[in-house]
Structures are given as C-alpha cells and as structure tokens.
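Hi,

Here is the structure I promised to pass on. Have a look at it first, then read my notes below.

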Amino acid sequence: MEKQPTASHFINGQYVEDPAGDPIDIIYPANGQPIAKIHSATKRIVEFALESAANAQAQWAAMTGTERGRILRKAADIIRERNHELSVLETYDTGKPLQETLVADATSGADSLEYFGGLAGSLTGEHIPLGESWAYTIREPLGICVGIGAWNYPTQIACWKSAPALACGNTMVFKPSETTPLSALKIAEIYTEAGLPRGVFNVVQGLGSVGASLVADPRVDKVSLTGSVLTGKKVYASAASQIKHVTMELGGKSPLIIFNDANIEDAISGAILGNFYASGQVCSNGTRVFVHSAIKEKFIARLVERTKSAIIGDPLDENTNYGPMVSEDQLLIAERYVAKGIQEGAKLVYGGKRIDQPGFYFEPTIFSDVKDDMTIAREEIFGPVMCILDFDDEKQVIERANATEFGLSAGVFTNDITRAHRVIGQLQAGSCWINAYNLTPVEIPFGGVKTSGVGRENSKAAIEHYSQLKTVYVEMGHMESQF
Ligand code: NDP
C-alpha cells in the first residue's frame, strides 16, 4: 500500500507542496522505520489555506443545509466503502491494531459525517412571540474554523471537528498532529470527491508552531483543539486575546469505580477497554480504577489472567489486539511513570517493561495498592498503565474520585441501580458510563469539565459550538421613546 501522500498539504481542493518547509519523517510504530516524508507548512502554505477557507466560506454558507448535508453524507458513504484501505493507513500512522482501526476510526468518522449531514437541513433559529410584536433568531455559521488534532485518533478527530463545522456553513483549516499526518489528507480527498467546493476543508501539516500561527490569525473565528491540557492553556489564551470561540478536548485522569456488587467480568472488561485499548492512548481512559476492597483480590487475579491473554504483535494481523505505542517519546514517558510508581511504593502486579522487539511496544501494565497522592494516580500518563486503588466507603470514593484538576470522564460498575445514578450524579466529569466504559457514539455529547475541556463534540450539542444566533426583534406597532 502506498503510504507516501501525493503532497504534504491539501488546500483549495488539491494537493499542494512547498519543499521549503521543514521535513517530517513519518514512522511506522511497529518497527520504527520511516514510511513517508512530508514538509511542514511554510508561511506561504498557511496563507494559501486561510485565504482559500475565507474565499469559500460565503458561498458554502449560502447553500441550503440539505445541499451541504448531501455532500457530507456522500463523503460518509465513500469513507465506508474505503474503510479497509483507510484503516490500514491509520494502522501505519498510529500503530493501532487493524482489529481496532477497522471499527473505531474511519467508521466513527463516517458516522459523524452521516449524522451532521442528516442534521444540516434542520439547523434553524426560532420564532419568539412577544405579544403584538415578535422576534426571530437566525442560526449563522461562525466563519473560518481551525481544527488541531492529537495523534491518537487522527481520522476520527478530523471528522468529529469538520462534520459539525461544515454542516453549519463554516469552512475549516485542519492541522493534524505532526506524528500522524496521513489520514486527514485522505479525508480531504474524499470530501472533494463527494463534491465539497474548493477551499471548504483544507489540511496543513506542521508542528505546534503552525497550529499557533493559525490560532493567532485574525481571520480565524473559532478554534477546536484536541490535545493536552498544557497545549490547551496556550491555545485558549491565544484565542481569548481575540475573543474567538473555542472547543477544547483535553486530557484526563478519569475514575472508574467498581462496587462489590458489580458483575466482575463486565467490570474487568471496562477496566481493560478503558486502559489498554489503543495501548492506553485514549483521553477518556479510566486510569484510576477504584475497586471495593471486598472484591479486590478476586478482581486483580482475574484481571491479570485476562491481560495475559492479550495478543501482542503485528498490528496489521487482524488477530492482534494490542499494538505498539505511537512513538519512542510516548513509550519513554510510560517507562518513566512506571519507574516513578515503583519508587513511590505502588505494587507492580503485571507488565511494566518495554517489550524486547523492534517498534514501540510496551507491556500492558497494572499497579495495585496505589495511593491518591502518588504521581501515577495524579498525572495523565497516556499509556497502558492502570492504577488500582482500594476503597470501602461510597461517600469517600466520590470525594477521592473528584480530587483532581481533570474532569473528562467517569465510570461506575454496580448492579444497584439507585447507587449507580446517585454516584454518577456526584462525579465531576463530562462523559460518564454506568456498567460500560469509553463508548462514544456520535449521538451523545462528548467533552470534559474542569481542566479537561470546554465545549462538546458530537450530538446536537456540537451545533451550539459551531454556530451563533442573530436575534431580530420585529415591532408590529409604533416605536416609542422616553421623550
Ligand atoms: P499535544 O497537546 O501535544 O498536541 C495536540 C495538537 O496541538 C498537535 O497537533 C500539536 O502539534 C498542536 N500544538 C502543540 N502546541 C501548540 C500551540 N502552541 N498552538 C497550537 N497548536 C499546538 O497533544 P498530543 O498530540 O500529545 O495528544 C495527547 C493529548 O491529547 C493527551 O493529553 C490526551 O488526553 C489529549 N486528547 C484529548 C482528547 C479529548 O477528546 N478530550 C482525545 C484525544 C487526545 P504537534 O504535535 O504536531 O507538535
């Protein structure tokens, strides 16, 4: 399969190159070897992308929502037809097993385009009766949106941001993470094939500095970032200096609380999915697993037994269900946190080491006897490191779960329906699950509270973050004044 893209950027409906930009090698995480090379965007490329997005916006917004939606839905169909090819590319880019990318990446992107394509024709304002007079609101696009993505779900992030933006009549300049730049170009190609007018969706490559220059440009009306809290603070501050709209999908250290009446096999499935899917590189992961002390030993024994059955290997083999991490850097971060965990007294019950083979493979790792103040319980690791903490008391576990700057997600496993809702109701998190974990269908809002984010992606809620209301008061009588 050809991994080298036609050119580094996709602007105004076509591939564009500027070899003067700094070269970026794309590495296949399963063997550490380069598979493609691109160039970071130069000032000229950034200017071309913004100019194209600006030129296209009014005409795109003037189309009916149904017309815009038809193009999004057609693009969704093409993504589905090419799912296998797109999934293989995503596996090369991220190292995630094909078993995952076939069901969680391009397909999730297609869902988003289909959902917002379907919604586009019904995005309206409202009529507000005011006695004799009345008012109405017009739902208008924001203008030019900038999307900036993390490297863990590159296709999904490009789609989750562009679909609602485009449905509302905005145009977009998208910058993928420099680590995983390939799939967003394919999405741009597919949009064009589906009939998207030139300049409506543009992709520029580069490091954080390219993202920063897009965010700072006065022509940009909205910034949607998926990334770390540290980057989020910088991007939010830059956008705030020009009062731009923002969506911030940032990091987390989410609690997963398992009560002693839970179905243990289901709870272990939740803990495995919420810690080891995508080799643990998922923002909403339930990395603080609070297990009731009455079931702790049984839970850990069975968890270790099931973790041993992970099929670790070639991510392109569909039997593999645990692949490498995305990069050497990310692996070293996980390694450092494991050393810190051991040093601070947590008990390493499984894994903890780099796997001795080419590529960036790190064992699925389980710590027990983790205390709330340990570094591994406080900081986002963004790797396959699960921390098990004991608890006895419901009120205390809620307080401990909330004692963090983050608030992305939370999960509860219990068969007591009253307790499930009572506990979830008190957890400070934007995306919660009861007797499940990390399921994010497009129909439901996704996003965080506290430092984990601002705004929501997916669902009808995303429309509020990609459009604004114009209010029109209509006087049916006479205009009066004080003198
Ligand atoms: P980073 O914050 O390092 O980078 C995110 C994106 O921002 C990248 O494209 C990066 O470019 C770019 N960037 C970096 N600095 C700036 C800047 N000053 N101005 C504008 N753009 C900038 O995150 P990672 O890519 O390492 O992703 C991991 C993080 O993302 C984790 O914290 C994770 O929790 C979070 N995340 C959140 C999700 C959510 O929905 N809440 C989902 C997925 C991940 P480049 O990398 O090319 O330098």
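The second largest cavity is lined by G252, K253, G280, V282, C283, N285, T287, E380, I381, F382 and G383. By class, that lining splits into four nonpolar, five polar and two charged residues, and the cavity's volume is about 60 Å³. Keep in mind that this is a predicted model.

How many cavities of 30 Å³ or more are there? The count comes to three. The largest cavity has a volume of about 70 Å³. Its lining has 16 residues, and P255, F406, G407, S409 and Q428 are the closest to its centre. At least two lining residues each come from α14 (394-402) and β17 (409-413). Seven of the lining residues are nonpolar, six are polar and three are charged.

Where does the ligand sit? You'll find the ligand in the largest pocket. Two or more residues of the shell around the ligand come from each of α8 (208-216), β10 (222-226) and α9 (229-240). In total 29 residues surround the ligand, with G149, S228, T231, C283 and E380 the closest. That shell is made up of 13 nonpolar, eleven polar and five charged residues.

A side-chain N or O atom of T231 is 2.6 Å from an oxygen atom of the ligand, and a polar side-chain atom of S228 is 2.8 Å from a ligand oxygen. For A212, a backbone N or O atom lies 3.5 Å from a ligand nitrogen. On its own the ligand has 900 Å² of accessible area, and the protein covers 86% of that.

Cheers

Notes. Residues numbered from 1 in each chain as written. Predicted model: local features only at pLDDT ≥ 70, side-chain atom pairs only at ≥ 80, totals over all residues. Heavy atoms only, no water. Near = heavy atom within 4 Å. Polar contact = N/O pair within 3.5 Å; in protein donor to acceptor, adjacent residues only side chain to side chain. Areas by Shrake-Rupley, 256 points an atom, 1.4 Å probe, with all protein chains shown as cover. 1 Å grid on protein atoms, 1.4 Å probe; cavity = no way out; pocket = protein on both sides within 12 Å on 5 of 7 lines; lining within 4 Å. Sits in = over half its atoms within 2 Å of the grid points. Helix = DSSP H or I, 4+ residues; strand = E, 2+ residues; numbered from the N terminus. Nonpolar A, V, L, I, M, F, W, Y, C, P; charged D, E, K, R; others polar. Points joined across faces, edges and corners; volume = space filled by probe spheres on them.
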